[in-house]
Amino acid sequence: MIRRIYHLVQLRIGINIVKAELGAALAAFCCVVWDMIELYEDETLTRVNENLNLIQKKQGLTFGTDAYLLYAYMKAQKSSVAVDLGCGTGIISLLCASKGKFKKIYAVDIQEEFCSVAKRNAEANSLDNVEIVHSDVRELRLEADVVFTNPPYMRSDSGRSNESSAKNIARHEIFGGIFDFTEAASRILKFGGLFYCVYRPDRLCDLICSMRESGIEPKRMTFVHATEEHEPSMVLIEGKKGAKPSVVLTKPLILNNEKGESEDVKYIYERGEFGERFCKR
């Protein structure tokens, strides 16, 4: 059953996203954006930025920092075709399309229900250069200049099983491991094409080995830390198909300091890009 509601979408304050639902009387006192949209009972609505709304499944993985950082890590290639492997609700593709980073984006996912949500998200945001593809990445046949992915990061036999099968598929390598994703990327990419991925640092060896075995050479890598005192929580990587060995390890991205958001994070959220400071050692 579809319900038409006025829903107070999530607001980003710093890196944190504050969730709330308020009555119309209180809305006048808040800097919020209201949207009328058709949602199913198992869905929520998120205001990502002033240009983008996102429908999400309550039982699915929700939009997080890793997705935004991967989007910002990619360099704009405005005349290029890109493929998003494991798109989920389509958030990374939608961010790229709203920023005009690529001419055309194919957003691919094996879960039909998420393909449906991603298609509705693209239509709701009038992003007609995003095409949703329902496919297993192991069987995908496309050609592109850029491939990006936020793949499942846990082995199928590791971690706690989640009640939601959708979350299990998104988090665990049920329909393909990291090698399947890099192999698909290599098959799709033109020679010299770029591959982008966000992954867990404790599985970095698996990622790099898979990339090299697939013919994609790591060229740039950035570790992400919650604070200077914390171990890295994620790693961003850029690779190039057919390139010679040589990788740049940039300075780490520190998300927070004693004053709150770091200046680097503020720059990334304001501009939707990392900038030259993360293209060098």
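This is a stop-by-stop tour of the structure you have open, with something to select at each stop.

**Before you start**

You are looking at a predicted model, where local features need pLDDT of at least 70, side-chain atom pairs count only at pLDDT 80 or more, and totals for chains, interfaces and linings use all residues. Residues are numbered from 1 along each chain as its sequence is written, and side-chain values use heavy atoms, with hydrogens and water left out.

**Stop 1: the whole chain**

Show the chain as a cartoon. The chain has 281 residues, and 51% of them count as buried. Buried here means under 20% relative accessible area, exposed means over 50%, and partly exposed is in between (1.4 Å probe, protein chains only).

Now think about who touches whom. Take the contacts between residues at least 6 apart in sequence: 70% of them join residues at least 24 apart. A contact means heavy atoms within 4.5 Å.

**Stop 2: the cores**

Select Leu69, Ile91, Ile92, Phe148, Leu253 and Phe274. These have the most contacts inside the largest nonpolar core, which has 42 residues. Helix 2 (residues 65-73) gives the largest share of this core, 7 residues. A second, separate core has 25 residues, including Val108, Val133, Val137 and Leu207. A nonpolar core is a set of buried Ala, Val, Leu, Ile, Met, Phe, Trp, Tyr and Cys residues joined through side-chain atoms within 4.5 Å. In soluble globular proteins, nonpolar side chains tend to be buried together.

Go back to Leu253 and show its neighbours. Leaving out residues up to four places away in sequence, Leu253 touches Leu69, Thr222, Phe223, Val224, His225, Asp264, Val265, Ile268, Phe274 and Phe278.

**Stop 3**

Just after the helix, Gly272 takes a positive phi of about 70 degrees.

Step back to Thr250, in the loop between strand 14 (248-249) and strand 15 (253-254). Thr250 is buried because its relative accessibility is 5%. Its side chain makes a polar contact with the side chain of Thr222, at 2.6 Å. A polar contact is a pair of N or O atoms within 3.5 Å; within protein, one must be able to donate a hydrogen and the other to accept it, and residues adjacent in sequence count only if both atoms are side-chain atoms.

Next is Glu258, in the loop between strand 16 (256-257) and strand 17 (260-261). With a relative accessible area of 74%, Glu258 is exposed. Draw a C-alpha to C-alpha distance from Glu258 to Thr227: the two are 31 residues apart in sequence and 8.8 Å apart in space.

**Stop 4: helix 4**

Select residues 112-124. The 13 residues of helix 4 should span 18 Å at 1.5 Å a residue, and its end C-alpha atoms are 18 Å apart, which agrees. The expected span is 1.5 Å times one less than the number of residues. Colour Phe114, Cys115, Val117, Ala118, Arg120, Asn121 and Ala122, which are buried. Just after the helix, Ser126 has a positive phi of about 55 degrees.

**Stop 5: charged pairs**

There are 14 salt bridges in the structure, each a side-chain nitrogen of Lys or Arg within 4 Å of a carboxyl oxygen of Asp or Glu.

- Asp202 with Arg200, closest N and O atoms 2.6 Å apart. Asp202 is exposed at 54%, while Arg200 is partly exposed at 28%.
- Asp206 with Arg203, at 3.0 Å, N to O. Asp206 is partly exposed at 26%, while Arg203 is buried at 8%.
- Glu217 with Arg212, closest N and O atoms 2.7 Å apart. Glu217 is buried at 9%, while Arg212 is partly exposed at 48%.

Also select Asp42, Glu43, Lys57 and Arg120, which salt bridges with shared partners join into one network.

**Last stop: the cysteines**

How many disulfides does a search of the whole structure find? It finds 0, a disulfide being a pair of cysteine sulfur atoms within 2.5 Å. For Cys209, the nearest cysteine sulfur is that of Cys205, 6.1 Å away. Cys209 is exposed, at 52% relative accessibility, whereas Cys96 is buried, at 0%.

Definitions and conventions:
Helix = DSSP H or I, 4+ residues; strand = E, 2+ residues; numbered from the N terminus.
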